[in-house]
Structures are given as C-alpha cells and as structure tokens.
Number of protein chains: 2
Amino acid sequence: MASRLSRQERLIILSQELIKRSGELVSLDELAEKYKIARSTISEDLSLIREAVEAWGTGEVQSSSGVGGGIRFVPIINSDEAKAFLQKVKERLEEKGRVLPGGFLYTTDLFNHPSITSKFGEIFATVFSNLSPDVIVTMETKGIPTAMMTARYMGLPLVIIRRENRPTEGPTVSINYISGSTQKVQLMTLGRKALEGRERAIFIDDFLRGGGTVRGAIALLKEFNAQVVGVGIVILGSPKVREAFSIPITSLFVLESINELTSEARLSFSDSISEFFNWEGKE
Amino acid sequence: MASRLSRQERLIILSQELIKRSGELVSLDELAEKYKIARSTISEDLSLIREAVEAWGTGEVQSSSGVGGGIRFVPIINSDEAKAFLQKVKERLEEKGRVLPGGFLYTTDLFNHPSITSKFGEIFATVFSNLSPDVIVTMETKGIPTAMMTARYMGLPLVIIRRENRPTEGPTVSINYISGSTQKVQLMTLGRKALEGRERAIFIDDFLRGGGTVRGAIALLKEFNAQVVGVGIVILGSPKVREAFSIPITSLFVLESINELTSEARLSFSDSISEFFNWEGKE
C-alpha cells in the first residue's frame, strides 16, 4: 500500500470510494485519516470531484454541515445515457422467442444480470431521490436484484417481503393478498424487526400485472406504520393498471402486446419515465 | 453535459465508470468515442488509473489485446480493509438479542444492507477471481443480495435457483434435496434457459448448516453439465461442515456457539479467509 498518494491518484481512489459508498454520509475526518492527508486537502479533492460529476451529469456531491461535517455522493444517470440503455433493453425484451406458455415474458436472464439491474438501480435512484425515502422494499424473488441495486445507489437498507414464514426472521406480521398472476390468495410476511415504523418506503418490483402485490405491500407496511411513498416497476403489464393507484407508479417499460402464437412481445417506454427524463415522444 | 473534459475530470469520470462496469470487457474505442478524445489519450488515462488502484491495492486494470483491444477493471479488497470490515460485522453479529427461537441467528438486517453485502461481494470477487468462473449461482432468498453484489463486482450473470416451479421461468429442471435447517425433502428448480451448459459456477449463500443446499445445487448444475468450482458462504454453521465436501468452501465467518438462553452467539473468522488474506491468527 502506498504511504502517500498524489492528487491525481487520490482523485481516482476517492472517486471510486464515493461510488461504492453512494448515498452514505461520509465524514471528511474519516477520509483525511484514511488517506493520511489534511482535511483541507480532502475538501479540495472533493470540490474537483463535484465539478467533474456535475459537468458530466453523473452525480452530485452534497455537503452536510453539522458535527464533523461530511459529504454524500448521489449518483445520477443522465437523460441520454438512460435512453440509450433502455432502448437496448427494449430490443432485447422484444427478441422473438421470449414469450412463454401462459403468455409470460421471459426476463430472468436480463433482470438477473448485474450490468442491467445496476442501470435499473441507477435510474430508480435518480427518479426517487427527491422523495427522501428511508428504505427500499421488494417482495421475493424476481425484483430483488433490481431492488438491491436501487438500495445500493441510494445507500438505503433493503427489506424483502417473504412468501412464507421463516424461522430466520423471528416474529412476523402477515397479510393475505390476491396475486395478479395466479388469482389466488397468497401470504405476504415480514419480520417484526424488518422495520422500526414510520419509514418512507419505495416499493420496487420487476413486473406489475394486476397490482395485487403492490396493494398487499402497502397494506403490510401500514401494519408497521410505514408508508409506501413511491413505486418503481421495471415492466408495467398494461398501461391501464396505473390508474388503479393513488400513489404514482414509475415504470420503465409498458407491455403493449404479447403474442403466444408468434412468440413476440411489444413494449414501449412508459410516460412516467419519458416525462421524467424529458424525452420528446414515446417510442 | 460538458463537451470537453480536462484530464483530471476524465480520471474522475472514467474511474467511476470502471467501478460500475467491473469485470466487463470495455473497448477503448467506445471510451474514446464517449469522451470525445483520442484512443492514445484514453490509454494514458487508463495507465494512471492502473497505477493508482495498484498502489492503493483496490483493483487491477487488465489489458486485453485482440480485435479493437479493451480493458477490464477487476476490483480487489485489500487485506487490511477486509479485516477491519469483517471485525465490525462480527461485532454486530455477536450483539445480544440476535438469537431467535429455534437457535437461529438473526442476520437479515445486516445481510440486506447494501453497505454490507457490497463488501461481502468485493471479498468474494477477490477470493474467487482466480477460478475464472462464468456465472454466480445462489438459491432464493437470503443469499441473493450477497450473490448479486459478487456477480456485480465480477461482471458475471447471476442465476437464482427457485424453491418452486414458476411459469415465468419456462421449462425447468428440478431435483429434490434434504434441507439442513428443516430436515425435510424440498424442491430445487432452475429454468432450462438459465444455463447454456459447461459453465464454471461459484455458489454463494448466506448460511450453510448441514450442506444440503450446496449438495443439491451441485447435483442440479450437473444436470446442465455445469460445474460448481467454488462455494462462498457468509456464515458456516459449524467448523466441521466443511469436511463433508470435496470442493473447497470459503466462508467469511464460522458460528462457534449459539445460546438461546442468553441470546448470545460467538463467531470466528474462518481459516479459509484468514489464510487467503494472510492474517496472522484467528480472532
């Protein structure tokens, strides 16, 4: 390990550390001690990083005064990058052969790949940062990778609602809900220790069909006196589902049609996302 | 967006891009076009980044020749940072009150927090990089966040084994196995599309009690002609479990004792991890 880093080296190492600790309040004293340099030098380094990420539109460096003082790196995905990325994912989702028996769209390969979920996470973190959430919530299983990456970019804890009571969660609170995809009454359960109460939560999931899971999650969180303040969905099952909710639903894509016979699906960018990023029209 | 970035600005932005695209082969042409500078300038920037991360022990920049040429950023966690971090997690895990009825250790709050799973991921990525895996595999649910972060730092796809057949996975291959925690025969199922065959897989999970899940995963992957070449576990249920496997098992911690009466657990660093990082003795 080097005993002394040059400014260029520090900018490289510090920039990477800030990305890894996105959303976290990092104390200047800690950084000064870690890199064995004066606090004033760290402040100068951070100013240069702030200017660069703001110029390139990839993040904000927020200063927080108060005891000791600290900074928080808030990653941002810029409009062009988000559009180019979502366009590519849309093309992959529309590839022939993705329609499964029962009219389901096969997404597992894409939604489990870190290069994709990581960008979903950056997009949701960008969209929801102004809601000041305390926690990211998802229901097992397919939404977890995207929810995890969103939590990571926002520096927030992830809470995973389970389908069954598990002895590893301790005492739980459970509710029944009607699943949109199976039309059956199912269980949703969350450990008492998972939330303290009064949290502002963003609910993230990969797909929203009928909305039963979202309604269930809202009801379950009420039992903890916690509130769902935003919902982020990768694919909305149809444009109309959104109208059934009083909470705004941000989805990346809308499933426009799915044809089991030809095994073809058509998707569009959702209004919520194209308006947020100020894209001119839907594609 | 700035039309032209200075070298310092580029070093900041590029360093962050490389972390976000860890493990991915990134072409120099793409970077040159994106940042609107000559390929030779990008090469110089990357050399500076390589020197800085190598001096500080936080990563490697591997060059790959061949068509177009490219680089791959491989993050590394250095021995001191890994030790300080694991020491802190150990203290949290040993906090009074974590022992649940049935003698289970409550870990959900820690193992779902991105600041912790992210470091677990960095450690596993560092440990397993020399095995040249193609894929990270886990079984739902509690291991997913750590497996996802490992996959992310290695730039590899994540494959999640399910407990039930789901219509969203298409045709599946299933096996039965005996769960270590429940002593019941349970199902393990994986979509046919999840693996192509012949993959070298790292299996990641949060806890290993009897080893039934790992044995099941090895058998299930054999059905795909894929091979588990490494196993990474956050907490090994007891020091003896490891002996039952021919594949080396790398765990971060070993659960030494758990007392339901006093609600106290004692853990140690595992030999596998202290030997890898060359720490002097067990603590």
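Colleague: Over how many bridges do strand 1 and strand 3 of chain A pair?
Modeller: This is a predicted model, in which local features need pLDDT of at least 70 and side-chain atom pairs count only at pLDDT 80 or more, while totals for chains, interfaces and linings use all residues. Residues are numbered from 1 along each chain as its sequence is written, with chains lettered from A and ligands numbered from 1 in the order in which they are written. Strands (E, at least two residues) and helices (H or I, at least four) are DSSP runs numbered from the N terminus, and two strands pair if DSSP finds at least two bridges between them. Strand 1 of chain A and strand 3 (residues 70–75) of chain A pair in the antiparallel sense, and the number of bridges is 3.

Colleague: Which residue in strand 3 of chain A stands opposite Val26(A)?
Modeller: Strands of a sheet pair through backbone hydrogen bonds, either parallel or antiparallel. Opposite Val26(A), strand 3 of chain A places Ile71(A).

Colleague: Which strands of that sheet stand at the edges, and why is one side of each left without a neighbour?
Modeller: The sheet is open, has 3 strands in the order 1-3-2 (chain A), and pairs antiparallel. Each edge strand has a single partner strand, so one side lacks a neighbour in the sheet; the two are strand 1 (25–27) and strand 2 (59–64) of chain A.

Colleague: Which helix of chain A gives the most to the side that touches chain B?
Modeller: Residues count as in contact if their C-beta atoms, placed from the backbone, lie within 7 Å. The contact takes 54 residues from chain A and 54 residues from chain B. Several elements of chain A each supply at least two residues, among them helix 3 (39–56) and strand 7 (158–161). With 9 residues, the one that gives the most is helix 1.

Colleague: Is helix 7 of chain B buried or exposed?
Modeller: A residue is buried if 20 or more other C-beta atoms lie within 10 Å of its own, exposed if 12 or fewer, and partly exposed in between, with C-beta atoms placed from the backbone. Arg152(B) and Tyr153(B) are among those that qualify as buried in helix 7 of chain B. Because 11 of the 11 residues of helix 7 (residues 144–154) of chain B qualify, the helix is largely enclosed by the rest of the structure: buried.

Technical notes
Contact = placed C-beta atoms within 7 Å.
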